[in-house]
Amino acid sequence: MSSPRVRRIADRIQVIVAEMLERRIKDPRLGFVTVTDVRVSGDTQQATVFYTVLGSVEDQQAQMIASAQALESAKGLIRSEVGKQLGMRHVPSLTFVADALPETARQLDEVLARAKQQDEEVAALRGDTYAGESDPYKKPRVRDEDLDDDWDAQDDTDDRDED
């Protein structure tokens with residue numbers, strides 16, 4: 001668990017890097033980059049900046065490579081600006097890492113869609129018929145009064161024969 005100070009530094013670095021990418025970095029290779037998270041080591045010597053590149057699915061891989069190159073070339077400028085704005089004696093070294101969250105989310109969506117399709121196929125095969133009777137609950141017996149009288153009469157005659 002990181003300390004509150006380290007977490008505040010990470011949050012501040014995230015804001016500074018995002019503003020730098022939006023306003024000061026004019027590299028044409030830089031795509032539509034979003035800074036998703038920053039993690040700073042406990043000694044505040046290293047900071048890992050996670051980013052995503054939004055764009056069309058066809059050009060995703062090319063945009064990721066171009067944006068990674070642009071971020072690496074602008075790393076020094078971004079680090080110096082982070083140092084100025086944080087006012088720290090030792091500025092953390094920056095490492096840019098492409099965030100795997102969008103890819104993981106896409107894979108989960110595909111798995112959920114496949115599971116839903118399989119559920120629908122199973123439901124279609126199942127049908128609406130149930131095993132057993134249409135009404136599986138037991139009903140109380142209906143006693144017929146005539147049958148009760150006949151049984152009582154038989155019982156009376158049986159008792160007389162035994163005497």
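This is a predicted model: local features need pLDDT of at least 70, side-chain atom pairs count only at pLDDT 80 or more; totals for chains, interfaces and linings use all residues.
Residues are numbered from 1 along each chain as its sequence is written, and side-chain values use heavy atoms, with hydrogens and water left out.

**Sheet and helix**

- Three strands make an open sheet with mixed pairing, in the order β1-β2-β3. Strands (E, at least two residues) and helices (H or I, at least four) are DSSP runs, numbered from the N terminus, and two strands pair if DSSP finds at least two bridges between them.
- At the edges sit β1 (32–40) and β3 (93–98), each pairing on one side only.
- Neighbouring strands of the sheet are turned by 30° against each other on average, direction ignored. Angles here run from 0 to 180 degrees between N-to-C directions, with axes being lines fitted to C-alpha atoms, for helices over the stretch in contact.
- β1 and β2 run antiparallel over eight bridges; Phe32, for one, has Leu54 in β2 as its bridge partner.
- β2 (residues 46–54) pairs with β3 in the parallel sense over six bridges, and Thr48 has Thr95 in β3 as its bridge partner.
- Helix α1 (residues 4–23) packs on this sheet and touches β1, β2 and β3, its direction making about 160° with that of β1. Contact means heavy atoms within 4.5 Å.

**Largest pocket**

- The largest pocket holds about 350 Å³ of space. A pocket is an open set of points on a 1 Å grid over the protein atoms alone, where a 1.4 Å probe fits, with protein on both sides within 12 Å along at least five of seven lines; lining residues have an atom within 4 Å of a point. Grid points are joined across faces, edges and corners, and the volume is the space filled by probe spheres set on the points.
- Its lining has 14 residues, with Val53, Gln60, Pro102, Glu103 and Arg106 nearest the centre.
- The classes are Ala, Val, Leu, Ile, Met, Phe, Trp, Tyr, Cys and Pro as nonpolar, Asp, Glu, Lys and Arg as charged, and the others, Gly among them, as polar.

**Second largest pocket**

- The second largest pocket has a volume of about 150 Å³.
- Its lining includes Ala18, Leu21, Glu22, Asp27 and Phe32.
- α1 and β1 each supply at least two of the lining residues, and the largest share, four residues, comes from β1.
- Here the lining divides into six nonpolar, two polar and two charged residues.

**Two residues to look at**

- Thr44 lies in the loop between β1 and β2 and has a positive phi of about 55° although it is not a glycine. The hairpin of β1 and β2 has five residues between the strands.
- Thr44 counts as buried, at 7% relative accessibility. Buried means under 20% relative accessible area, with a 1.4 Å probe and protein chains only.
- Ile16 belongs to helix α1 and is buried, with a relative accessible area of 0%.
- Beyond its neighbours within four places in sequence, Ile16 is in contact with Glu81, Val82, Gln85 and Leu86. The C-alpha atoms of Ile16 and Leu86 are separated by 9.2 Å, with the two residues 70 apart along the chain.

How values were computed: Buried means under 20% relative accessible area, exposed over 50%, partly exposed in between (1.4 Å probe, protein chains only).
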